[in-house]
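Work through the exercises below with the sequence and the model side by side. Try each task before you read its solution.

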Amino acid sequence: IREFAEIGTGTTPPRANSEYFGGDVPWALTSEVDHCVISDTKEKLTSKAVDDCGLRIYPRDTVLVAMYGQGKTRGKSAILGVPAAITQNCGAVIITDPDVVPAYVYLYLRAIYEEIRGQEYSGGGVPHLNLGIIGSIRVPLPSREEQEAIVSDLSARTASIDGLQKLANDAV
């Protein structure tokens, strides 16, 4: 990934400062990185939080990877449908190569979720991923046209599957 993208992370403003929360800046948490397009976030930050804490607003089409999570969260991916700040528990992949389609990278990472999850680093504490692990993930890159065709096909298929899963969950 590091060969065709910039990799970064975010931060969490001090929760004790109420002036930092409840604004209009989307702020993605790992709980929202759930093999999806993030078009809105549960929490919003203020521009004061962005300025005071030096938060980066990641652009639309940034691919996110959850780096922490004991359950099924760690290793999940998502793609930003809106510009957003992110927590430090997310890795951000900003595609810089014009021949690489962000949605293709997101779908590929989604497909290898179990493999990514197995790349954890414990470092003496809670098992997690880090930016080095994310940067070292190898992504096969066919031509841009092939990537776009794959995205088109897989997006339709995953939408159908996601719809069926929602119906099954709603029926329970």
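Predicted model: local features only at pLDDT ≥ 70, side-chain atom pairs only at ≥ 80, totals over all residues.

Residues are numbered from 1 along each chain as its sequence is written, and side-chain values use heavy atoms, with hydrogens and water left out.

**Exercise 1. The largest pocket**

Find which residues line the largest pocket, and which elements supply them.

Solution. 

Step 1. On a 1 Å grid over the protein atoms alone, a pocket is an open set of points where a 1.4 Å probe fits, with protein on both sides within 12 Å along at least five of seven lines; lining residues have an atom within 4 Å of a point.

Step 2. Take the volume. It is about 270 Å³ for the largest pocket. Here grid points are joined across faces, edges and corners, and a volume is the space filled by probe spheres set on the points.

Step 3. List the lining. It consists of Asp34, His35, Cys36, Leu107, Arg110, Ala111, Leu154, Thr158, Ile161, Asp162 and Gln165.

Step 4. Assign elements. Helices (H or I, at least four residues) and strands (E, at least two) are DSSP runs, numbered from the N terminus. α2 (102-111) and α5 (144-171) each supply at least two lining residues. α5 gives the largest share, 5 residues.

Step 5. Sort by class. Ala, Val, Leu, Ile, Met, Phe, Trp, Tyr, Cys and Pro count as nonpolar, Asp, Glu, Lys and Arg as charged, and the others, Gly among them, as polar. The lining has 5 nonpolar, 3 polar and 3 charged residues.

**Exercise 2. The cysteines**

How many disulfides does the structure hold?

Solution. 

Step 1. Apply the cut-off. A disulfide is a pair of cysteine sulfur atoms within 2.5 Å. The structure holds 0 disulfides.

Step 2. Check Cys36. Cys36 is in no disulfide, and its nearest cysteine sulfur belongs to Cys90, 11 Å away.

Step 3. Check from the other side. The closest cysteine sulfur to that of Cys90 is in Cys36, and 11 Å is too far for a bond.

Step 4. Compare exposure. Buried means under 20% relative accessible area, exposed over 50%, partly exposed in between (1.4 Å probe, protein chains only). Cys90 is buried at 0%. Cys36 is partly exposed at 24%.

**Exercise 3. The nonpolar cores**

Identify the residues that touch the most other members of the largest nonpolar core.

Solution. 

Step 1. Define the set. A nonpolar core is a set of buried Ala, Val, Leu, Ile, Met, Phe, Trp, Tyr and Cys residues joined through side-chain atoms within 4.5 Å.

Step 2. Name the sources. β5 (63-66), β8 (90-95), α2 and α4 (131-135) each give two or more residues to this core. The largest share, 5 residues, comes from α2.

Step 3. Look for another core. A second, separate one has 13 residues, including Leu80, Cys90, Ala92 and Ile94.

Step 4. Follow Phe4. Contact means heavy atoms within 4.5 Å. Not counting residues up to four places away in sequence, Phe4 touches Ile95, Thr96, Asp97, Val100, Val105, Val139 and Leu141.

**Exercise 4. Helix α2**

Which residues of α2 are buried, and what covers them?

Solution. 

Step 1. Pick the buried residues: Pro102, Tyr104, Val105, Tyr106, Leu107 and Leu109.

Step 2. Find the cover. It includes β3 (36-38), β5, β6 (77-80), β8, α3 (113-117) and α5.

**Exercise 5. Loop residues**

Decide whether His35, Asp61 and Thr62 are buried or partly exposed.

Solution. 

Step 1. Take His35. His35 sits in the loop between β2 (21-28) and β3. Its relative accessible area is 16%, so His35 is buried. Its phi is positive, about 50 degrees, although His35 is not a glycine.

Step 2. Take Asp61. Asp61 is in the loop between α1 (47-53) and β5. At 32% relative accessibility, Asp61 is partly exposed. Phi of Asp61 is also positive, near 80 degrees, in a residue other than glycine.

Step 3. Take Thr62. Thr62 lies in the loop between α1 and β5. At 0% relative accessibility, Thr62 is buried. Leaving aside neighbours within four places in sequence, Thr62 contacts Ala78, Ile79, Leu80, Ala92, Val93 and Ile94.
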